[in-house]
Amino acid sequence: MGVRDLPIVEIEHLAKTYFSNSSVTVQAVVDVSLEVKQGETLLISGPNGSGKTTLLSMIGCLLKPYSGTIKICGNNVIGLSQRELALFRLKNIGFIFQSFRLLDFLTARENVELILNLTGMGRPDSSEKAEMLLDEVEILHRADFFPKALSGGEKQRVAIARALANDPRLVLADEPTGSLDSHAGQAAIHLLCHLAQKRNKAVIIVSHDPRIRSYARRIIHMEDGRIKEERQI
Amino acid sequence: MKILASLPLARRMIWREKARFLFTTGGVGFSVVLMLFLFEVYEGVKKGAANYVLHSPAEIWVCEDNSTNLIRSSSFLSAALEKEMKKMEGLENLTGILRLLGAVKVKGHTVTLLLFGFDPKSRLGQPSPLVRGTATIDNGQIIVDKAFAAKYSLSLGDTLEIQGNRFQIAGICAGANAIVTQFVFINLKEAERLLKFQDVVSFYLLTLKKDVNQAEFIRSLKKAIPGISVFSKTEFVQNNIEEIKTGVLPIFWTIAIFGGAVGVAVITLMLYGSILEKREDYALLKAVGASQKYLFLLVTRQSIFSSSLGFLFGLGLNGALTPLLVNLVPELSLVLTFASAAWVFVASVLIGTAGSLAPVRKLARIFPMEVFR
């Protein structure tokens, strides 16, 4: 098995069911099995309520599945405690969100630095590495600006740098172009996929945006919590 | 080390909500002012209760058996004891003072004061330090405390009435203010006349010759004269302070605990609201891998930082208010000690810690998945 064939995400028969007080159950994800290899970019598409974000949350170790197994980087994460999961996410997973989720009281540089500090890297090393990452996403000149002074495209670049700061093996992006105009969205997704490829990261993107299809090696389409279609590109 | 070298996240989180931070600091500051004020009053009362004894040159205080202090105990000794005590080996000097509660009429008010009759010829019973006038008073003259004088705008030459007798103020002293009451001083003979008993004193004040062992002298005195209590100056000072402590400490503690609880409530409310408003930020921190411990410390640091600044604000406010208060209420004797300030600081840190408990519980219930909202 070559390095590029190394499975980063292995999911088998994954299901998530929400129970409410009125005994109504919602099956958000039903019997999903998939595998994502190192360096691979997977696009998950589907209508609202199809279970895309729930699936992404489970892969990101943010949500426990009802049944099935999840292995990330060869580790079965189902049995891990909350404390172990937090540490696991910190070491192995980078997140990008539709609404950027930058902390508004930190500058662009500090938003990236925060992740490095959490991994145990102190200042000034964390500042230097944050600058290096911001340079890679071509936003270094805005490093000392607070998020409110940045455009949507700039914020998403900072978010990409933050997602890559802990050198994760898996990057999860939830509608990364959802809050951007077409030009900024295209640029952000290009940058994300380019950097991920360069660093041999596995990337899973949840999006409705058809422009992202050209960057994905594989696309799965979800409906009613199930994978309806899977295409290799 | 990891924490020291990382971003000052807690401080930044506080600064971004300046109004909330100011209200929190102000709220804690006011409870700090209350606690400092109580400490100051307590120290003032202690000082007032012990000052007269402390400033007297007397080394030994003798009172009736079972009597322990100046303020709240009854003591009557026969003047005949003086002769017996004078026979004691090692005695240098002694004087008797008579203490009684007196209703004093001053400028249309009737005030109950502790009236001390002393022999002006002896330094032992004289009030000290004297601010104005003389301690060598004659019949018809009186020495009052400066807080009492300030409260009723009295000065030298003004008169007071006690049991129909007029006394002219001949001296104003300091340190005779126990807040709940003040001491006034008259001639011993006149005090006897007011008491309507002759040849009675409340306490004997003694000094010893050089090189006389005080403990041994006290033992001999107790043996020679039964039915008396004999205390060294240090013991008698302590007795007076203890008497005040048992009277006021429970009340002060109760008020201080309420003050602290208000501080805790202010911090809890503000921090709880902040976590609810910024729950997505906390969800993000959880999602990217911040541990519960890290987040709990983050909240606790915000809380302790706010309460510590609240302490500084309270300390400053207290410093500004104290002169105004003393001016408004002259009998208030406020004494701020380093130990009191240190205790209140410790209380502030505890307020901060306690104030973070409920917010931390709320934080524990924020799910990292909320970051996808």
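**Figure 1. The hairpin of S3(B) and S4(B) in the predicted model.** Two residues sit between the strands of this hairpin, and Lys107(B) adopts a positive phi near 45° there. Strand S3 (residues 91-106) of chain B runs antiparallel to S4(B), and nine bridges join the two.

**Figure 2. Strand S4(B) and its parallel neighbour.** Here we stay with S4(B), which pairs in the parallel sense with strand S9 (residues 183-187) of chain B over five bridges. One of the bridge pairs to pick out is Leu115(B) with Val184(B) in S9(B). How many of the 10 residues of strand S4 (residues 109-118) of chain B are buried? Seven are, so the strand is largely enclosed by the rest of the structure.

**Figure 3. An open sheet in chain A.** Four strands make up this sheet in the order S2-S1-S4-S5 (chain A), with antiparallel pairing. Strand S2 (25-37) and strand S5 (75-76) of chain A stand at the edges with a single partner strand each, so one side of each has no neighbour in the sheet. Strand S1 (residues 7-19) of chain A and S2(A) run antiparallel and are joined by nine bridges. Within that pairing, Ile11(A) has Leu34(A) in S2(A) as its bridge partner.

**Figure 4. The largest nonpolar core and a separate one.** In soluble globular proteins, nonpolar side chains tend to be buried together. The largest nonpolar core of this model has 97 residues, of which Leu55(A), Ile72(A), Leu170(A) and Ile204(A) touch the most other members. Helix H6 (residues 182-198) of chain A contributes the most to this core, with eight residues. Apart from this core lies another, of 47 residues, including Ala58(B), Ile71(B), Phe185(B) and Ile241(B). Back in chain A, the contacts of Ile204(A) beyond four places in sequence include Val9(A), Val36(A), Leu42(A), Ile44(A) and Leu170(A).

**Figure 5. Helix H2(A) and what covers it.** Which residues of helix H2 (residues 82-92) of chain A are buried? They are Leu85(A), Ala86(A), Phe88(A), Arg89(A), Leu90(A) and Asn92(A). The cover over these buried residues includes helix H3 (108-118) and strand S7 (170-174) of chain A, together with helix H8 (279-287) of chain B.

**Figure 6. A salt bridge between two loops of chain A.** The search over all chains finds 27 salt bridges in the whole structure. In one of them, the side chains of Asp167(A) and Lys201(A) meet at 2.5 Å, N to O. Asp167(A) belongs to the loop between helix H5 (152-165) and S7 of chain A, and Lys201(A) to the loop between H6 and strand S8 (202-206) of chain A, so the pair ties together parts that are 34 residues apart in sequence. Asp167(A) is partly exposed at 43% relative accessibility, whereas Lys201(A) is buried at 6%.

Figure 7. Glu82(B) and Lys86(B) form a salt bridge with their closest N and O atoms 3.2 Å apart. Both lie in helix H3 (residues 81-86) of chain B, four residues apart, which is about one turn of the helix. Glu82(B) is partly exposed, with a relative accessible area of 27%, while Lys86(B) is exposed at 52%. Another network of shared partners joins Glu110(A), Glu113(A), Arg123(A) and Arg12(B) through salt bridges. Arg20(B) also pairs with Glu17(B), with closest N and O atoms 3.0 Å apart, and both residues are buried.

Figure 8. Thr25(B) is part of helix H2 (residues 18-55) of chain B. With a relative accessible area of 9%, Thr25(B) is buried; beyond four places in sequence, Thr25(B) touches Ser306(B), Leu309(B), Gly310(B) and Phe313(B). Leu350(B), in helix H10 (residues 338-355) of chain B, counts as exposed at 55% relative accessibility. Together with Trp343(B), Phe345(B) and Val346(B), Leu350(B) makes a nonpolar surface patch of about 430 Å².

Definitions and conventions
Residues numbered from 1 in each chain as written. Chains lettered and ligands numbered in written order. Predicted model: local features only at pLDDT ≥ 70, side-chain atom pairs only at ≥ 80, totals over all residues. Heavy atoms only, no water. Buried < 20%, exposed > 50% of the residue type's maximum accessible area, 1.4 Å probe, protein only. Pairing = 2+ DSSP bridges. Patch = residues over 30% accessible without salt bridge, like charges linked within 9 Å, V, L, I, M, F, W, Y side chains within 5 Å. Areas by Shrake-Rupley, 256 points an atom, 1.4 Å probe, with all protein chains shown as cover. Salt bridge = Lys/Arg side-chain N within 4 Å of Asp/Glu carboxyl O. Core = buried A, V, L, I, M, F, W, Y, C linked by side-chain atoms within 4.5 Å. Contact = heavy atoms within 4.5 Å.
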